[in-house]
Amino acid sequence: MTHGITKSVGNNGANERNDVTFIQSCLNGHAKFYKSSIVPLKVDGLCQSKTIEAIKIFQKDYVAMRNPDGRVDPNGKTLRYLTMYLAKEPNTTRIKSFTPVAEKAAAVAGVSNITVSYHSSIASDRRLVSDYAMEVIKIALKECNMSHAVITSTLRTPKDQARIMLENAKKGLAAQYKMYSSWGDKVLNLYESNKSKSDDDLRKLMEEKISEIMAAGYSVSNHCFTSEMYREKNVFDLGLAST
């Protein structure tokens with residue numbers, strides 16, 4: 001669905017006055033609320049060199065275009081980025097105001113309809129992903145035109161990590177060595193040299209090694225932290241099937 005303009009604006013665009021006015025307003029919104037090298041424009045509906053230059057700056061800094069073309073098309077990526085943080089009036093598609101995501105992420109166009117849930121296997125005391133991180137996930141989903149994702153893993157204790165590493169090592173040890181750093185390799189080495197032991201004994205050995213590594217100030221996995229550390233740095237997995 002097109003939001004804001006009906007025809008192209010900018011370099012070699014149709015540049016209808018209402019469309020140009022809208023794009024100029026959006027560019028000014030970004031210049032006001034974010035650190036930007038965009039020079040605020042006079043909102044006059046006239047697409048001249050300053051407007052085209054502002055579009056190019058936006059494309060370079062926000063859209064990451066290697067070769068900005070200075071043009072905004074009705075169904076193009078540049079317009080999608082320009083309008084991503086526009087709040088809309090309830091029950092309409094009409095733009096109301098520019099709202100920085102840090103102030104009111106739930107009001108971001110389309111994000112309020114995007115949901116992020118926890119997998120049923122995650123216990124209530126592990127549902128620790130912050131509201132801020134949830135909004136970041138929603139914005140990422142919006143970027144991919146997706147409406148829902150499921151969080152399948154959050155904080156892990158050494159016991160959790162040992163169980164997961166044991167299960168995966170039994171499926172394919174070589175792949176696990178590629179996944180972990182040298183600290184994870186120490187745990188996998190322990191598994192490899194004690195394969196003859198029972199799973200319970202192996203889990204206990206691996207758990208002890210993981211705890212030992214954590215006590216030394218290191219981590220086997222980005223998931224494996226204390227709850228206090230996790231609150232400062234949320235790490236989580238999103239289920240492939242949900243996205």
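Analyst: We may begin with exposure: a residue counts as exposed when its relative accessible area is over 50%. A64 has 63% relative accessibility and therefore counts as exposed. Please note that the model is a predicted one.

User: Which value does phi take in N15, and is N15 buried or partly exposed?

Analyst: Phi of N15 is near 55°, again positive in a residue other than glycine. N15 sits in the loop between strand 1 (9–10) and helix 1 (17–33). A residue is buried under 20% relative accessible area and partly exposed between that value and 50%. With 24%, N15 is therefore partly exposed.

User: How many helices and strands does the protein chain have, and what share of its residues counts as buried?

Analyst: The protein chain has ten helices and seven strands. Of its 243 residues, 40% count as buried.

User: How is T154 to be read: is T154 buried or exposed?

Analyst: T154 has a relative accessible area of 3%, so T154 is buried. The residue lies in the loop between strand 6 (148–153) and helix 6 (158–171).

User: Which residues does T154 touch, and what lies 2.6 Å from a polar atom of its side chain?

Analyst: Not counting residues up to four places away in sequence, T154 touches Y118, I122, R126, V129, H223, Y230, V235 and F236. As to the polar atom of the T154 side chain, the backbone oxygen of R126 lies 2.6 Å from it.

User: What can be said of S221, and where is its place?

Analyst: S221 is in the loop between helix 9 and helix 10 (227–232). Its relative accessible area is 9%, so S221 is buried. Leaving aside neighbours within four places in sequence, S221 is in contact with R156, Q161 and Y180. S221 and V235 are 14 residues apart along the chain, and their C-alpha atoms are separated by 9.8 Å.

User: How does one read the packing of two helices, and at what angle do helix 8 and helix 9 pack?

Analyst: One reads the angle between the axes, where over 145 degrees counts as roughly antiparallel. Helix 8 (residues 182–192) and helix 9 (residues 199–215) pack at about 155°, with axes 9 Å apart. The two helices are therefore roughly antiparallel to each other. Helix 8 passes helix 9 in a right-handed crossing. On the side of helix 8, the contact involves W183, K186, V187, L190 and Y191, which meet L202, L205, M206, K209, I210 and I213 in helix 9. These residues divide into nine nonpolar, no polar and two charged.

User: At roughly what angle do helix 6 and helix 9 cross, and which residues make the contact?

Analyst: The axes of helix 6 and helix 9 cross at roughly 125° and come within 8 Å. That angle makes helix 6 oblique to helix 9. The crossing is right-handed. Helix 6 contributes P158, K159, Q161, A162, R163, M165, L166 and K170, and helix 9 contributes D199, L202, R203, M206, E207, I210, S211 and M214. The residues of this contact divide into eight nonpolar, two polar and six charged.

Key:
Residues are numbered from 1 along each chain as its sequence is written. This is a predicted model: local features need pLDDT of at least 70, side-chain atom pairs count only at pLDDT 80 or more; totals for chains, interfaces and linings use all residues. Side-chain values use heavy atoms; hydrogens and water are left out. Helices (H or I, at least four residues) and strands (E, at least two) are DSSP runs, numbered from the N terminus. Buried means under 20% relative accessible area, exposed over 50%, partly exposed in between (1.4 Å probe, protein chains only). A polar contact is a pair of N or O atoms within 3.5 Å; within protein, one must be able to donate a hydrogen and the other to accept it, and residues adjacent in sequence count only if both atoms are side-chain atoms. Contact means heavy atoms within 4.5 Å. Axes are lines fitted to C-alpha atoms, for helices over the stretch in contact, and angles run from 0 to 180 degrees between N-to-C directions. Angles under 35 degrees count as roughly parallel, over 145 as roughly antiparallel, 65 to 115 as roughly perpendicular and the rest as oblique. A crossing is left-handed if the near helix is turned anticlockwise from the far one by less than a right angle, and right-handed if clockwise. Ala, Val, Leu, Ile, Met, Phe, Trp, Tyr, Cys and Pro count as nonpolar, Asp, Glu, Lys and Arg as charged, and the others, Gly among them, as polar.
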